[in-house]
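Biologist: I would like to learn how to read a few features of a protein model. Could we take them one at a time?

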Amino acid sequence: MYNNCSAYILLNTFYYISNSLGAAEKIHINEHDGNGTCANVLFILGFHYYCRHKHLFITLFSVAYLQVILANMLIVTLGCSCRQLQKPMFFFLMNLSVADICFSSVTMPWIITSILLNNRTISLRACAMQMYGFLAFTSSEFLLLSAMAYDRYIAICDPLHYYLTMNKRFCVSFAASCWLLGFADTFPHAWFIFKACYCGSNRLNHFFCDLTALLKISCSDTYSIERITYVEGAFLGFGPFLLTVTSYIFIINTILTIHSIKLLKGLYQ
């Protein structure tokens with residue numbers, strides 16, 4: 001998760017630096033003619049300002065991507081091969097590692113390839129699928145983090161019933177629910193992007209198919225999808241956050257209670 005976040009932060013940092021430093025340069029790119037017809041191909045501007053430094057970008061992004069893949073593959077391999085690690089907590093951690101690998105693989109290989117070949121075109125269908133994968137794996141990660149917090153809550157606050165509560169069937173069902181909910185939650189966005197019309201401009205001012213950037217260039221009515229985004233964002237953003245914080249509040253309270261009991265026993269003795 002942290003490797004994945006660092007790679008994404010690296011991308012954003014270089015992207016905004018390149019935009020700010022190269023804002024005065026001209027952009028030579030084939031735009032959609034804006035004659036009212038819907039574009040089937042989009043141009044992702046990305047790191048076009050720094051084309052002369054593309055080998056530096058390719059090296060940095062490739063190293064970041066390999067770091068994410070290798071670190072998470074190590075976790076999955078250890079979890080599958082080592083009996084001592086086949087526990088509920090590590091099961092959720094392996095799911096999180098798979099989500100990290102998929103999350104990075106949706107965007108990073110395309111970005112590296114587009115810089116290498118200097119080809120920033122992408123079909124509308126491929127763009128919708130890329131955006132859907134990015135949002136779906138991100139949502140699944142948030143939910144899996146909440147599942148891990150709940151696992152720690154049961155382990156610390158109710159240790160005697162831990163293996164009874166967090167049995168194999170429950171863990172598999174819990175993880176599957178996180179994946180299904182993450183993919184189902186973001187499906188309306190992918191459907192809208194696929195069906196939307198881009199008649200004004202087909203230049204996407206981002207380094208991959210981001211939902212906000214796509215909504216900005218869409219000629220279709222975005223009111224409904226924006227309302228859905230706000231509602232689902234509050235649910236998938238605030239919901240897992242609240243569950244995680246609540247779990248750790250109970251965990252901290254239990255630890256402090258145990259510490260207080262030990263101190264009282266010491267005083268009585």
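Modeller: Keep in mind that this model is predicted. We can begin at the surface, where Phe-238, Phe-241, Leu-242, Val-245 and Ile-249 make up a nonpolar patch. Together these residues have about 490 Å² of accessible area.

Biologist: Where is Val-245 placed?

Modeller: Val-245 belongs to helix H9, which covers residues 223-268.

Biologist: Is Val-245 buried, partly exposed or exposed?

Modeller: Its relative accessible area is 32%. Buried means under 20% and exposed means over 50%, so Val-245 counts as partly exposed.

Biologist: Next, aromatic rings. What describes a pair of them?

Modeller: Two values do: the distance of the centres and the angle of the planes. In this model the count comes to 18 aromatic pairs. Take Tyr-150 and Tyr-153: the ring centres are 6.1 Å apart and the planes stand at 35 degrees, so this pair is tilted.

Biologist: How many residues apart are Tyr-150 and Tyr-153 in helix H4?

Modeller: They are three residues apart in H4 (residues 124-157), which means that about one helical turn separates them. Tyr-150 has a relative accessible area of 23% and is partly exposed. Tyr-153, at 25%, is also partly exposed.

Biologist: Which parts of the chain does the pair of Tyr-150 and Phe-170 link?

Modeller: Distant ones: Tyr-150 lies in helix H4 and Phe-170 in helix H6 (residues 168-185), 20 residues apart. Phe-170 is partly exposed, at 31% relative accessible area.

Biologist: Which residues form one aromatic cluster with Tyr-150?

Modeller: The cluster consists of Phe-91, Phe-92, Tyr-150, Tyr-153, Phe-170, Phe-174 and Phe-250.

Biologist: Last, the strands. In which sense do strands S1 and S2 pair, parallel or antiparallel?

Modeller: Strand S1 (residues 41-44) and strand S2 (residues 121-123) pair in the antiparallel sense, over three bridges. Val-41 has Ser-123 in S2 as its bridge partner.

Biologist: And in which sense do S1 and strand S3 pair, parallel or antiparallel?

Modeller: Parallel, over two bridges, with S3 covering residues 203-204. There, Phe-43 stands opposite Arg-203 in S3.

Note on methods:
Residues numbered from 1 in each chain as written. Predicted model: local features only at pLDDT ≥ 70, side-chain atom pairs only at ≥ 80, totals over all residues. Heavy atoms only, no water. Phe/Tyr/Trp six-rings, centres within 6.5 Å; stacked < 30°, edge-to-face > 60°. Helix = DSSP H or I, 4+ residues; strand = E, 2+ residues; numbered from the N terminus. Buried < 20%, exposed > 50% of the residue type's maximum accessible area, 1.4 Å probe, protein only. Pairing = 2+ DSSP bridges. Patch = residues over 30% accessible without salt bridge, like charges linked within 9 Å, V, L, I, M, F, W, Y side chains within 5 Å. Areas by Shrake-Rupley, 256 points an atom, 1.4 Å probe, with all protein chains shown as cover. Salt bridge = Lys/Arg side-chain N within 4 Å of Asp/Glu carboxyl O.
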